[in-house]
Amino acid sequence: MVKVNAVILAGHGEDSRTLIYGEDKIFLKYENKTLAEKVAEAVSSSENIFDFRIVGCKDKLEKVLNGKYPIVDQVGSFVENAMAGYDSMIDNGRYTLFICGDLPYASAKAIDYLLNRINGD
């Protein structure tokens, strides 16, 4: 399997549809970790990920993630944020997995399974 890059989309908006009790859902806790932490851990632990970035509100993400993961500050819309993450990669000629930052059940095992299935393994 050729390793791929990943962009975790963890953008913070003011749209009331993405807020729960006034907070963006990526900062909600599940099993004692924020959803942003769970997805970042899953991606960083995947055997099939070469490089990755988390795109979102840099100040808030740095506080939650304690500087453990590479963060790109959000720049605008969902698509603009996806491209900012993609463009920040050292080797952006690789295939790239785009994954939402608010997936409570994300795991390295699930990511590896998906990527291996795509590759035909």
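Me: Two strands count as paired if DSSP finds at least two bridges between them; which residue in E8 does Asn-5 stand opposite, and what makes E1 and E8 partners, given the bridges that join them?

Reply: In this predicted model, Asn-5 stands opposite Thr-96 in E8. Five bridges join E1 to strand E8, residues 96-100, and since the cut-off is at least two, the two strands pair, running parallel.

Me: How many bridges join E1 to strand E6, and which residue in E6 is the bridge partner of Leu-9?

Reply: Seven bridges join E1 to E6, residues 49-56, again with the strands running parallel, and because the definition asks for at least two, this too is a pair. The bridge partner of Leu-9 in E6 is Val-55.

Me: Why is strand E1 described as largely enclosed?

Reply: A residue is called buried when its relative accessible area is under 20%. Seven of the seven residues of E1 (residues 4-10) are buried, and therefore the strand is largely enclosed by the rest of the structure. Val-4, Ala-6, Ile-8 and Ala-10 point one way, while Asn-5, Val-7 and Leu-9 point the other way, and all are buried. In a regular strand, side chains alternate between the two faces of the sheet.

Me: How many helices and strands are there in the chain, and why is the chain called as compact as a globular protein of that length?

Reply: There are four helices and eight strands, which follow the pattern β-β-β-β-β-α-β-α-β-α-β-α along the sequence. The radius of gyration is 14 Å, close to the 14 Å that the globule rule gives for 121 residues, so the chain is as compact as a globular protein of that length. Its C-alpha trace spans about 45 × 30 × 25 Å along the principal axes.

Me: What share of the chain's residues is buried, and how much of the contacts in the chain with a separation of 6 or more comes from residues 24 or more positions apart?

Reply: Buried residues make up 40% of the 121 residues, while residues 24 or more positions apart account for 67% of the contacts with a separation of 6 or more.

Technical notes
Residues are numbered from 1 along each chain as its sequence is written. This is a predicted model: local features need pLDDT of at least 70, side-chain atom pairs count only at pLDDT 80 or more; totals for chains, interfaces and linings use all residues. Side-chain values use heavy atoms; hydrogens and water are left out. Buried means under 20% relative accessible area, exposed over 50%, partly exposed in between (1.4 Å probe, protein chains only). The radius of gyration is taken over C-alpha atoms; the globule rule is 2.2 Å times the number of residues to the power 0.38. Contact means heavy atoms within 4.5 Å.
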